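The following paragraphs guide the reader through a single structure.

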Amino acid sequence: MKYSQLLIPTIKEVPANAEIPSHQLMLRAGLMRKVASGTYIYLPLGFRCLQKAINIVRQEMNKTGAQEILMPSVQPIELWQKSGRDVDYGETMARFTDRHGRENVLSPTAEEVVTSLAANELKSYKQLPFNLYQISFKFRDEFRPRFGVLRSREFMMKDAYSFHADDESLDVTYKAMYDAYCRIFKRCGLEYVIVQAESGEMGGSGSDQFTIPCENGEDVIVYIKDSPLAWNIEKAPVDALEKQKAIKNPPKPEEVHTPKVGTIEAVCEFLKTKPKDMIKTLIYSCEDQIIIALLRGDHDANPEKITQLLGGKANDLADEATIAKLTGAAVGFAGPVGLMEKADHVLIDLSVAAMAIGITGANKTDYHIKNVVPGRDFKLEGDNIQVADIRNAIDGDTYQGKKLLFKRGIEVGQVFKLGRKYSSKIGAKFLDENGKEQIATMGCYGIGINRIIASAIEAGNDKDGIIFPISIAPFEVIITQAGKDDDIKDAAKKLHDDLETAGIEVLLDDRKERPGVKFKDADLIGIPIRATIGKRSLAEGNVEIKLRAESDSKNVSIEKASEEIQTIVNSLKEKLNI
């Protein structure tokens, strides 16, 4: 392939509003162009990268026995109403009404549609198990698209869905998909971490997330040094904090005037105290019930842990009107003293139960209470009271006595045990061996194809541009024609043709540009191997060969150049099990 025949519009300057390396470099290297907020055109090089990632994913999926299908992007809202996820997705789901007055959605994922397919086609246990997958574009109307394709509105995903007669069968497929994901990300040249994850809006009993460690990642990985244990922040457990030494004869609660200081930070500044000495009270609405959650002032509530403690029920922070009616005060002045009895359920974080004394809201606008003792001034036990881990882990926390460590990462894939959440609501049933009707058990398995490319760039770049793994690079080799003489052109073309005949993906930079411009573009694009033929090297009978990931180059005789490059290509591929 000749460079002069491809659309590769490279850019020297960093584009405005491109915040992280992958976003900047995908634009600068001419892999894509922005159409609108969160939507992009993939140009020839970018599309080649996507295709190579797709091919790896497809090969590994097919090895597991999964069957490829294609589902529509436009889906009737009724399916989503059956599962209740039309509410869960809220405004993130793009909806429109067609000319016949029917409401539709642009697919953000496809659990509902594939389950409706199973509901229509599944009859007998003899058809089970089966696993269906697709590779297609999805759309989520993100409020704030950012970071290029890491948080875009339209994105390409591989989503697979398995159906089973029982949980044991699901476990077998789940493990097969887990192993396939390991192979996929290794072949894509990504160093990944597998973390235990919450299922979130997907539901189900268990999930593992494949994450690429990266300082610009949106996810937080929590792990223990020299241990296989790792979690995302929503799942990370923490040890109970050591009980603070009780204060002898603690003073009685004292109401203090705190005018217009309803936040933790403002109260701390006003009362000259620290967030860890505060008890904050969060009020949730959950299916017409009121839930109170108590946390230490320096801790954040973990919505997933709270949801699990509530049996998977959806819960949201109560609105101002509900809070005012319950507490008799403005937002920011709620506290457990005298309030817990009004709640249907009370969740008290372990750290609050460990406190000796604290400060909390007085359920009275512009007032707080000092000298509040957990267990004395509000209960730690009761039929509607539960002391549990309901917060995010923070620096200094431990689990099983070992310190928790934190790093950021990019989620590239996740596998879920969905159980019967969707099949029961949409009616995916079958007759078992005894002719009795049963509900199918499901698994779900997703990979962000765009994120594979962006993650590889985040992990592999330098001041000059991208450093692609050979498996997903747009080309394996670039030949830089450093001169205009016919003998240089002829030698470069011969090497190109020899490599192409040998099955190597090679790009010949035949442009009428200065060698320096070509070198800079080659580095920017990130093709793994560069072979340069110039006047001096040709006079010496050599070709200069340089790996993008290395600083040094070497000269190889022009007669052996093709053979040497093929050897290097094969060596790079072997490292990735290609």
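How many nonpolar, polar and charged residues does the lining of the second largest pocket have? By class, there are 14 nonpolar, 2 polar and 5 charged residues, where Ala, Val, Leu, Ile, Met, Phe, Trp, Tyr, Cys and Pro count as nonpolar, Asp, Glu, Lys and Arg as charged, and the others, Gly among them, as polar. The model is a predicted one, in which local features need pLDDT of at least 70 and side-chain atom pairs count only at pLDDT 80 or more, while totals for chains, interfaces and linings use all residues. Residues are numbered from 1 along each chain as its sequence is written, and side-chain values use heavy atoms, with hydrogens and water left out.

Where does the second largest pocket lie? Domain 1 (17-236 + 407-457) and domain 3 (475-575) both contribute to its lining, so the pocket lies between them; the domain bounds come from an automatic or database domain assignment.

Turning to the cysteines, a disulfide is a pair of cysteine sulfur atoms within 2.5 Å, and by this rule the count is 0 disulfides. The sulfur of Cys-49 has its closest cysteine sulfur in Cys-188, 11 Å away, which is too far for a bond. Cys-444 is likewise in no disulfide, and the nearest cysteine sulfur, that of Cys-182, is 17 Å away. Cys-49 is buried, with a relative accessible area of 0%, and Cys-444 also counts as buried, at 3% relative accessibility. Buried means under 20% relative accessible area, exposed over 50%, and partly exposed in between, with a 1.4 Å probe and protein chains only.
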